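Happy to walk through this one with you. Here is the model, followed by some questions and answers.

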Amino acid sequence: MAAPTDSAGISSRPAVRAGTVPWVAMYHSVGDCSDDPYRITVTPGRLEQQLAWLHRRGLRGVTLRELFSARARGEGRGLVALTFDDGYADFLTHALPVLHRWNCGATLFVLPGRFGGVNSWDPLGPRKALLTAEGVRHAAAAGVEIGSHGLTHVDLTRVDDITLGAEAAHSRALLEELTGAPVDGFCYPYGTVDRRVVSAVRDAGYAYACAIDPGPLTGRHALPRLHVGQNDTSWRLHLKYRLHRLRRRPVGGV
Ligand SMILES: [Zn+2]
């Protein structure tokens, strides 16, 4: 639908300022990656090297909340949002100490319908333990931004409206109750999105949401992210960063 126009043909809708798409890095698990068919794991040593690389480039890893509040002030250059999906128990033991050492923040997307469980949605395994509710509270108390990954890790483009509403809104309510803090970030399981899913997440009150490669849906509620894996040594990160800078284009509302 076209924006409403006045008699002079000028849009009466407030202009959405176009911004460049921020760099958002996507991690999952931090630990032993010898059996890792989905390439979701980096070792603590590799994470350490990657954060050291950011530091050498004059970049700093932050939460999505910090990234967006800096951008709202016209700042944010040099900030990279670090996101960790699924809420693996190894976040507390292996990721957090490294993040603290490099003075980095991070946003952790958790599944309140699976606290204390395992990643049974990945058919090939290996099974990895997920944080308990107490573990998530512990991460929040350590300054980690807690975001929702839905309730149970389902592909939201394939569920009915009632399930979609519950995955988006109920997970947010549960996490706000658990942490006693606002939950502003959402992350689409599998990175899959369509217009209906993006609308439901926006309607549930989230301020921003992470996808992986959302194409034309790119915006504050469908942020593209860069997968960072065990093979991403310094020079590969350098290439990815350069590529992101070349590819990023002005998009309204981010
Ligand atoms: Zn996930």
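**The metal site and its surroundings**

Q: Which residues coordinate the zinc ion?
A: This is a predicted model, where local features need pLDDT of at least 70, side-chain atom pairs count only at pLDDT 80 or more, and totals for chains, interfaces and linings use all residues. Residues are numbered from 1 along each chain as its sequence is written, and side-chain values use heavy atoms, leaving out hydrogens and water. Donors are N, O and S atoms within 2.8 Å of the metal (3.2 Å for Na, K and Ca), and sites may look incomplete as water is not among the atoms. At 2.1 to 2.2 Å, the zinc ion is held by Asp86 (OD), His149 (NE2) and His153 (NE2).

Q: How many residues apart in sequence are the parts that Asp86 and His149 tie together?
A: The donor spacing is D-x62-H-x3-H. Asp86 sits in the loop between strand E6 (79-85) and helix H3 (90-101), and His149 in the loop between strand E8 (145-148) and helix H5 (161-179), so the pair links parts whose separation is 63 residues. Helices (H or I, at least four residues) and strands (E, at least two) are DSSP runs, numbered from the N terminus.

Q: Is His149 buried or exposed?
A: Buried means under 20% relative accessible area, exposed over 50%, partly exposed in between (1.4 Å probe, protein chains only). His149 has 1% relative accessibility, so this residue is buried.

Q: Which residue of E8 stands opposite Thr107?
A: Strand E7 (residues 107-110) runs parallel to E8, joined by 4 bridges; strands pair if DSSP finds at least two bridges between them. Opposite Thr107 stands Glu145.
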